[in-house]
Amino acid sequence: MINQKQILKLLISSAYLLVSHGSKDPRPQVAMEELARNLQDKLADSNNQERDVNHIGTAYLEIHPQPLHQQIIDFSRKIIADGCRHLKIIPLFLLPGVHVTEDIPAEVELAKLALKEDIFIELQPYLGSDRGLQKLLTRKIIDPSVDGRIIVAHGSRRVEANNTIQAMAISVNAVAAYWAVSPSLQDIVAQLVADGKKKIAIIPYFLFPGGITDAIMQSIQDLKLQFPEVSFQLYEPLGANGELIDLIWDLMQQ
């Protein structure tokens with residue numbers, strides 16, 4: 001049973017919906033659910049809530065049976081029934097591309113129109129805007145023997161989005177490459193090899209393993225054949241680890 005004090009806390013607390021792109025590969029969804037569970041435990045400890053009061057959900061922009069705005073509506077109605085009237089949308093995207101600047105805000109507005117005054121919905125900054133990500137990447141790239149570093153991001157048709165990756169790469173003494181736009185990983189590797197680099201670290205700027213990170217791994221196998229004199233070191237994506245959980249927690253508190 002939830003007592004009167006707990007009911008009051010529910011009435012004034014926030015709920016959170018973690019939004020990612022969505023994938024046909026099951027691994028990102030498994031990782032998203034793990035993130036949500038870990039954050040729910042952290043939230044319950046912070047607010048002294050019952051463990052069965054679930055105020056953190058997951059939603060997907062694409063490759064889902066329902067459009068994002070309907071997922072937001074469904075989750076909102078569930079938490080409204082628990083007495084919650086404040087929902088924060090957390091976009092787990094690393095680039096300020098079209099999805100972050102146009103698609104997600106449009107879906108949020110559709111949900112707001114449907115729910116009217118039943119709940120206050122607040123769109124939080126996207127994950128990639130957190131400066132803590134740069135520190136996380138810096139800690140990943142600690143091998144002093146590496147003489148070339150490449151951060152591989154998805155890339156966007158918005159130049160401004162790619163500029164943020166270039167700035168981050170420079171800050172950690174790396175070069176930016178992109179999967180969807182130029183310059184490609186192959187282009188940047190060829191450039192570094194021409195500059196005399198012999199040990200190149202490749203850091204996938206993706207949240208979780210998936211189809212693209214698998215393709216990057218295969219590309220590196222091809223690059224090893226093309227440049228047998230070069231040693232390539234492939235890092236893991238960011239992953240659903242404690243550091244990432246802390247970054248998302250910071251966004252939730254804004």
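Trainee: Where is Asp25 found?
Mentor: Asp25 lies in the loop between β1 (15-20) and α2 (26-47). Helices (H or I, at least four residues) and strands (E, at least two) are DSSP runs, numbered from the N terminus. The model is predicted: local features need pLDDT of at least 70 and side-chain atom pairs 80 or more, while totals for chains, interfaces and linings use all residues. Residues are numbered from 1 along each chain as its sequence is written, and side-chain values use heavy atoms, leaving out hydrogens and water.

Trainee: Is Asp25 buried or exposed?
Mentor: Asp25 is buried, because its relative accessible area is 18% (buried is under 20%, exposed over 50%, partly exposed in between, with a 1.4 Å probe and protein chains only).

Trainee: Which residues does Asp25 touch?
Mentor: Leaving aside residues up to four places away in sequence, Asp25 touches Gly210, Gly211 and Asp214 (heavy atoms within 4.5 Å).

Trainee: Now the sheet. What is the strand order?
Mentor: The open sheet has 4 strands in the order β6-β5-β7-β8, with parallel pairing (at least two DSSP bridges between two strands).

Trainee: And which are the edge strands?
Mentor: β6 (175-178) and β8 (231-234), each of which pairs on one side only.

Trainee: How many bridges join β7 to β8?
Mentor: Strand β7 (residues 199-204) is joined to β8 by 4 bridges, and the two run parallel. Ile202 stands opposite Leu234 in β8.

Trainee: Which strands does α6 touch?
Mentor: Helix α6 (residues 159-171) packs on the sheet and touches β5 (148-153) and β6. Helix α7 also packs on the sheet, touching β5, β6, β7 and β8.

Trainee: Which residues of α8 does α7 meet?
Mentor: Leu185, Gln186 and Val189 in α7 meet Ile216, Ser219, Ile220 and Leu223 in α8.

Key
Axes fitted to C-alpha atoms, helices over the stretch in contact; angles between N-to-C directions.
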